[in-house]
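Here is my note on the model you sent. Have the sequence and the 3D view open as you read.

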Amino acid sequence: MAVTIKSQREIDLMRQAGKILAYVHEELAKYIKPGISTHELDMIARDLIKSKDCIPSFLGYEGYPASVCLSLNDEVVHGIPRKDVLLLEGDIISVDCGVIYKGYQSDAARTYGVGKITPEAQKLIDVTKESFFVGIKEAVKGNHINDISGAIEDYCHSFGYSLVEDLTGHGIGTEMHEDPQIPNFRQRRQGIKILPGMTFAIEPMVNIGGPEVAWCDDEWTVVTEDGSLSAHYENTILITDGEPEILSLL
């Protein structure tokens, strides 16, 4: 496993990529309302990314046909935007997006309610987001990957939720997916030691029901097997000599 330690120049570029991605997320969120199609949201995201002289990380990645992944309700991740899929009052939507700035990547995801949503759905969104922040408290020099994973799992399990086990967070840099894998659930092995200069994309994927997922016929969209709601929250972070720095927040 080759986990890269970023130079100051690389960190500066990733920091800029993260700020641009945070801007894209904040602007795109303004359009998340009942009646808009997921295709239209994808076109808005693509224009926002290109307006900042960036490349959409996802567009064409292993054949993915859009600039952003938009996953509704029981869709966990990798939902493909479509003209015939309109947001409905009460939906929840996970927005996963990435940008490339001067060769360096940033990756982040948010889950939003569409109009008025149920208290159950809002709680899932809130717990998923907070589990990220619980997890990164362990993303410090000298700890191991499993410290992050275990903290996320313990927090989500305390609410009776499950973590998707077929998908993980990851290292990030010049490539979207680099070593190491960062599971959101405890492992038998402690994983690599965390060192300053490492950059990770940590991304809890949390289900109200069971952890089992399935891939749809489009070979991209991942759904919960039991049809339960799922939420996703992700940021790109930098390991420092102190607390981790979140690169994909303004």
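1. Start with one term. A salt bridge is a side-chain nitrogen of Lys or Arg within 4 Å of a carboxyl oxygen of Asp or Glu. Asp12, Arg15 and Glu245 are linked in a network of such salt bridges. A search of the whole structure finds 9 salt bridges.

2. A word on the source. This is a predicted model, in which local features need pLDDT of at least 70 and side-chain atom pairs count only at pLDDT 80 or more, while totals for chains, interfaces and linings use all residues. Residues are numbered from 1 along each chain as its sequence is written, and side-chain values use heavy atoms, with hydrogens and water left out.

3. Now some single pairs. Buried means under 20% relative accessible area, exposed over 50%, and partly exposed in between (1.4 Å probe, protein chains only). Glutamate 27 forms a salt bridge with lysine 30, and their closest N and O atoms are 2.9 Å apart. Glutamate 27 is partly exposed at 22%, whereas lysine 30 is exposed at 52%. Aspartate 84 and arginine 82 also meet in a salt bridge, 2.7 Å from N to O. Here aspartate 84 is exposed at 55%, and arginine 82 is partly exposed at 43%.

4. What does the salt bridge between aspartate 154 and arginine 186 tie together? The closest N and O atoms of this pair are 2.9 Å apart. Aspartate 154 lies in helix H4 (residues 145-157) and arginine 186 in the loop between strands E8 (178-182) and E9, so the pair ties together parts that are 32 residues apart in sequence. Helices (H or I, at least four residues) and strands (E, at least two) are DSSP runs, numbered from the N terminus.

5. Look next at strand E14 (residues 235-238). Asn235 and Ile237 are buried on one side, and Thr236 and Leu238 are buried on the other. In a regular strand the side chains alternate between the two faces of the sheet. Two strands pair if DSSP finds at least two bridges between them. E9 (residues 199-202) runs antiparallel to E14, joined by 4 bridges. E15 (residues 245-246) is also antiparallel to E14, over 2 bridges. Isoleucine 237 partners phenylalanine 200 and stands opposite isoleucine 246 in E15. E14 and E15 form a hairpin with 6 residues between them.

6. Last, the cysteines. A disulfide is a pair of cysteine sulfur atoms within 2.5 Å. The whole structure has 0 disulfides. For cysteine 69, the nearest cysteine sulfur is that of cysteine 97, 8.6 Å away. Cysteine 69 is buried, at 4%.
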